[in-house]
Amino acid sequence: MNRARGFLHPMIEKNYQPADIEARMSVVWEDSLAFKAGRPDRRDAVPFTIVIPPPNVTGSLHMGHALNNTLQDILCRFERMRGRDVLWQPGTDHAGIATQMVVERQLMERQQPGRREMGRAKFLERVWQWKAESGDTIINQLKRLGASCDWSRERFTMDEGLSKAVVKVFVELHREGLIYKDKRLVNWDTKLLTAISDLEVQQLEVKGHLWYLRYPIEGKTFSPDDPSSFIVVATTRPETMLGDTGVAVHPDDERYQKLVGRNVILPLVGRKIKIVADDYSDPEKGSGAVKITPAHDFNDFEVGNRHGLARISVIDREGCLDLVDNEDYLRDLPEGASQFAEEFHKVDRFAARKRIVERLESFGFVERIEPHTHMVPHGDRSNSVIEPYLTDQWYVDAKTLARPAIAAVRSGETTFVPKNWEKTYFEWMENIQPWCISRQLWWGHQIPAWYGPDGKVFVAETEEEAVSHALGYYVEQEVITPEQGREMALDRNKREGFITRDEDVLDTWFSSALWPFSTLGWPDETPEVQRYYPTNALVTGFDIIFFWVARMMMMGLHFMKEVPFSTVYIHALVRDEKGAKMSKSKGNVIDPLNLIDEYGADALRFTLAAMAAQGRDIKLATSRVEGYRNFATKLWNACRFAEMNHCAVPDGFEPAKAKETLNRWIAHETAHTTREVTEAIEAYRFNDAAGSIYRFVWNVYCDWYVELAKPVLLGPDSPAKDETRAMVAWARDEILKLLHPFMPFITEELWEVTARRDGLLALAPWPLKPAEPTPEQIAMLAATAGPTDALVSPVWVLPIFDHADFTDPAAEAEIGWVIDLITQIRSVRAEMNIPPATLTALVLAGASAETKERAPRWADVIKRMARLSEISFADRAPDGAVQLLVRGEVAALPLKGVIDVAAERTRLDKEIGKADADIKRADSKLANEKFVANAAEEVVEEEREKREAALARKAKLLEAVERLKQAS
RNA sequence: GGGCACGUAGCUCAGCGGGAGAGCACUACCUUGACAUGGUAGGGGUCACAGGUUCGAUCCCUGUCGUGCCCA
C-alpha cells in the first residue's frame, strides 16, 4: 500500500478506490474491537441489541441478505455513535434440510457412498467437516458488506450451548403437554423422505385433469349406458381411489338425496363403500359427488372423521402404491383382489395414475376427462409433489403458545413497522395449526425421546435420565427384573434393542425460535441474558414472519416471560429491475458481491438504504448503485478540496459563534440536516435519511457552500479566511458522522486521513444528543455493569455545537438571495445562448438598502459563478437590458445588441403569463367565500401573500417590457 | 374464493389534503485551479380510470380495470 503520510496525518489519495479502503478498514475495526459488546467504556451505557437473522451455513450472500444486514448495520452504527452499548449478535443456522441436501449432493457428485451406506454417525461427521470448511463463507461476505456485528460472539444453532437450550425447551414443553406425539396426516416429501410443516409447502398452479369416474351402485347391474346404475365422482387424483372409503354428496343436493346411505362398489378393487351426505362436497364443482380418501387428502381426512370412515393408506413413503400385505387395503375384499394388488404393487403414484385410468377406461368406468388447472402442494426444498401421509410425528401446541404472542402485539409491547404487517401476523396466529416439528433427517437436533419395547415414550434432557426412568418403569411393570434393570443401566450394549432413541431431528426453525435468548447463554443465567434481553429491534423480510418472528414471539414469551424484541421492522423483497423475484432458475439474480466489487460496499449499502421505503418492494437497477458510487467520489473530492485549502478545525472552535454569514448559513443547514437524518433513522425511514444526507452533501455543501467559500479561501489571509477554513472542515466532519451509518468504509477512511483524531469514527459521538436513560434502564445498568473501580464517564458528550437548537433565518435569507441571483443569471444566459467565455455586466436596479449592503459582500463570488464583468447600481434598468426578478427586485443584464429583442420579449411574455396564472388562481380562491370561511387561516393568508407577490412581479415585468420597447 | 400491497416523467422510485419531486436516461453548452465517477442550463407527467367526500383531491372514501404477493 503506497500511502502518502504527512507528518501530521496521512494525505487523501487522489482517487477514490473502494476496494482498498474496504480491505483496510475491515482490519482497523477488527483490530480495535470496535464492535465488541460490553466494552469497558460503555458499561454504563444503555444497551442496544439486535440479533441477526442467522443465515444458513450453506448460504452465500444474496441481495436479500445485503438489504437486511445493511439496515441492521445502519441502526447499530447509529446507536453505537449515540453512545449505546451495542450488541449485534451474529451467527448462522444449521438449516437442516438445506445443508443435508448440499452434503448429499456433494457425495453423489464425487461418486462416494450415499448417506445410508455411510451410516448416521459417519454422515454427521461429514456434515460437520463440510461446515468447518465452508461455514465461514457467508460470515466473511457479511464482513465485506461492513456489518458491525460483535464477531467474537458468533453462534451456530448446533453449538453446544444452543443445543442445550433446544433440549431444555423440548423437555419442558413436553412436560407441560405443549409438545406431544400424534398420528395424523402430514405433508410428506417423498423425495426427501421426511415430514415437513405447512409453511414449507408451496401451492403451485399445475395444469392437470379432472377425471369423472363411475362408481357402480350396490345391487344394480353396472352399465355405462344406464346412469341409474352408478354415481359419477370427479377427482384430480384417480390413483388414490384404491384407498377410497366413501363418497360424499352435499346434503341439499337433490340429485343424490335418495342415494345417501347406500353403498357403491369401488371399481377395480371391489370394496363396498358408503355414500354420505357432507357439505364439504360442492354441488357446483365437478359432478357434485366426491370420492373420500381419508388417508391421502387433508379434507377427506376431516370428512372421514365426521362419518367414521376407515383410513386406508395405499401409498408408501416413497410415493409408490403399497398393496401387497397391506392389511387395511385387503380387508373384506372379494376374491381376486390380491392379483390386482400384486400387479400394481410398488408402482409409482404418477405411473399408477396413468395405468389405473387406462384400466378404468377399459371397463367403462371413466365418463369423461376435462383439463383442469389446480393448486398442487410442493415441497419448497425438493420441489416434489407433497403426499398427505398418515404417520406418527411430534407436534407443538402452537395454539396455546400463540395466545400470549398475540396479546403482546395487541398491547403494543411489540410493534411492527410498518404497522400493516400486524394484520398478517394476527391473521396467521389466530388460525394457527399444530406445528409439526419432527423431521426424518439426520442433520439437526435429535429429539430427546427414548422408547421402550412397548413403544412407551420417555423424554428427558439426557440419555441417563431417560434410561433410568424407563428402566424403573419396566421393572415396576415386571417386564424386566431389577437385576436386569441395573445391568442395562450400566451397560449401553445390554439395553440395545430394549430402549431406543427417537431417530428424528427437530425442524430447523425450532432452534431458530430460541435465537434471541439461546445466543445469550440461556438456560444458564448469564449476565448477557439479563443485560441484552429483550432485544430492541428485529429486522427481517415478511417472508419469514410465520417461520421465525411468530415462533420467536411464542418461545420468548413462554420461556423468558418477556417479548423477544420491542420492534419488528419488516423490509421489502429485493426484486430485479422489472419487478420479478430473483431466482436462480430465472437467471435474474444480481449478486451483491459483484456490485461490491464493481462499485464498492458503500455504494451498494447506500442504494439499498435509499430505496428501502416502507411497504414497497425494491426493484434494483444497477444504475442507482453507480449513481451512489459517484456520490462517494463526490464526497471524496470535496474532502480533497478541504485538504488542499488547509482546512482544519482549530481547538476550541465554536461554529455557533461564527461571524461570517456564509459560515452561519452552513451551520444552519448542517443543523437542519442533522435533525432530519436523526429523526428519519429513529423512525426507520431509511430512504428519507439517505435522501436528506445526499442532498445536503451534494446540493448544499458541494454545490453552494464550497463554491461560495472559494473567493475567501483563495484570497488573502484574514480572520474571515481562518473562520471559513475551520467551518469547511467542521461541516465536513459533521457530514462524515451523519453518513457513517450508511457508508462506513469511506467515511472512516476520510475521518482518519483528514485530521488527527482521538478515535474511530465508528465510536465518535453522533452530532445530536440522544434521549436520557429511563430510571428502569439505570437500575438495570447498575445490576449488570459488573465490577467497576471508578465511575465511568458518560459515553456521549455534547459536542461543541448543539444541532438541536441552532437556526439562523437571517443567514438563510441572505445566502438564499445569492443563490437565486446566480441561478437566474445562469438560466437566462443559457437561454440567450451567451457563451460562458462572454462576461456580462450586472445592474441592480432600484435596489433596496439591504441589497445594496449585500451585493458588495458577495460581488466576487457572484461575478465568478454567474460569469459577470462588473456589478453596479442604478435607479432603473438600462434600456434594452434583460431584466430578471430576484426576490422582488430587478437585476438587469445590459445586453443591448447582444440579445435578440424578440426572443427577450417572448421570454418576458411567458413570465407575465405565469404571473397572470398565479394571480388568477389566487383570485378565484379568495373570491370563493367558502374557501375564506373554511380553510385554515394561514392557508388563506398564504394565498393573499402569493397574490400580492404575483401582482408585484407582474408590474415589474410590465416595466421591463416597456424598457425593452424603448430599446428597439 | 379470502386477505394485503401497488398503478406518479422514457426507466427505477419518493411524496401524500392547499401551486408535481429525485436518481438514471435524454438535449445543449462547458476540459474554470476538489471532482468529466464532474459542472451549468433544459425538455419531459390531464399523478390508471370513473364516481363521491371537501372551500380545495395525486393524496381520503367507493367502484372499475391492470399488476404483484400471501392464504385457502
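**The interior and its surroundings**

Mentor: The largest nonpolar core has 204 residues, and Phe-510 and Phe-742 are those with the most contacts inside it. A nonpolar core is a set of buried Ala, Val, Leu, Ile, Met, Phe, Trp, Tyr and Cys residues joined through side-chain atoms within 4.5 Å. Buried means under 20% relative accessible area, exposed over 50%, and partly exposed in between, with a 1.4 Å probe and protein chains only. Helix α25 (residues 686-714) gives this core its largest share, 15 residues. Helices (H or I, at least four residues) and strands (E, at least two) are DSSP runs, numbered from the N terminus.

This is a predicted model, in which local features need pLDDT of at least 70 and side-chain atom pairs count only at pLDDT 80 or more, while totals for chains, interfaces and linings use all residues. Residues are numbered from 1 along each chain as its sequence is written, chains are lettered from A and ligands numbered from 1 in the order in which they are written, and side-chain values use heavy atoms, with hydrogens and water left out.

Let us stay with Phe-742. Leaving aside its neighbours within four places in sequence, Phe-742 is in contact (heavy atoms within 4.5 Å) with Ile-74, Asp-602, Arg-605, Phe-606, Ala-609, Val-677, Ile-681, Phe-686, Ala-689 and Ala-690. In soluble globular proteins, nonpolar side chains tend to be buried together.

Helix α20 (residues 545-560) is largely enclosed by the rest of the structure, because 15 of its 16 residues are buried. Lys-561, which follows α20, has a positive phi, near 65°. His-668 is found in helix α24 (residues 661-682), and is buried, with a relative accessible area of 10%. His-668 and Phe-806 are 138 residues apart in sequence, yet 6.3 Å apart in space, C-alpha to C-alpha. Beyond four places in sequence, the contacts of His-668 are Phe-806, Thr-807, Asp-808, Pro-809 and Glu-812.

The strands come next. Two strands pair if DSSP finds at least two bridges between them. Strand β22 (residues 535-541) has 6 of its 7 residues buried, so the rest of the structure largely encloses it. Strand β23 (residues 565-571) is likewise largely enclosed, because 6 of its 7 residues are buried. β22 and β23 pair in the parallel sense over 6 bridges; Thr-535 has Phe-565 in β23 as its bridge partner, and Val-539 stands opposite Tyr-569 in β23. Strand β15 (residues 415-417) also pairs with β23 in the parallel sense, over 3 bridges, and Tyr-569 is the bridge partner of Val-417 there.

An open sheet of 4 strands has the order β6-β5-β14-β16, with antiparallel pairing. β6 (194-196) and β16 stand at its edges with a single partner strand each, so one side of each is left without a neighbour in the sheet. Strand β14 (residues 386-396) is mostly covered, with 10 of its 11 residues buried. Strand β5 (residues 179-189) and β14 pair in the antiparallel sense over 11 bridges, and Lys-181 stands opposite Trp-394 in β14. β14 and strand β16 (residues 435-436) run antiparallel and are joined by 2 bridges, with Val-396 opposite Trp-435 in β16.

A residue is near a molecule or strand if one of its heavy atoms lies within 4 Å of it. The largest share of that surface, 11 residues, comes from α23. Of the 43 residues around RNA strand B, Lys-619, Thr-633, Leu-714, Asp-918 and Arg-921 come nearest. Of the atoms of RNA strand B within 4 Å of the protein, 60% belong to sugar or phosphate and the rest to bases.
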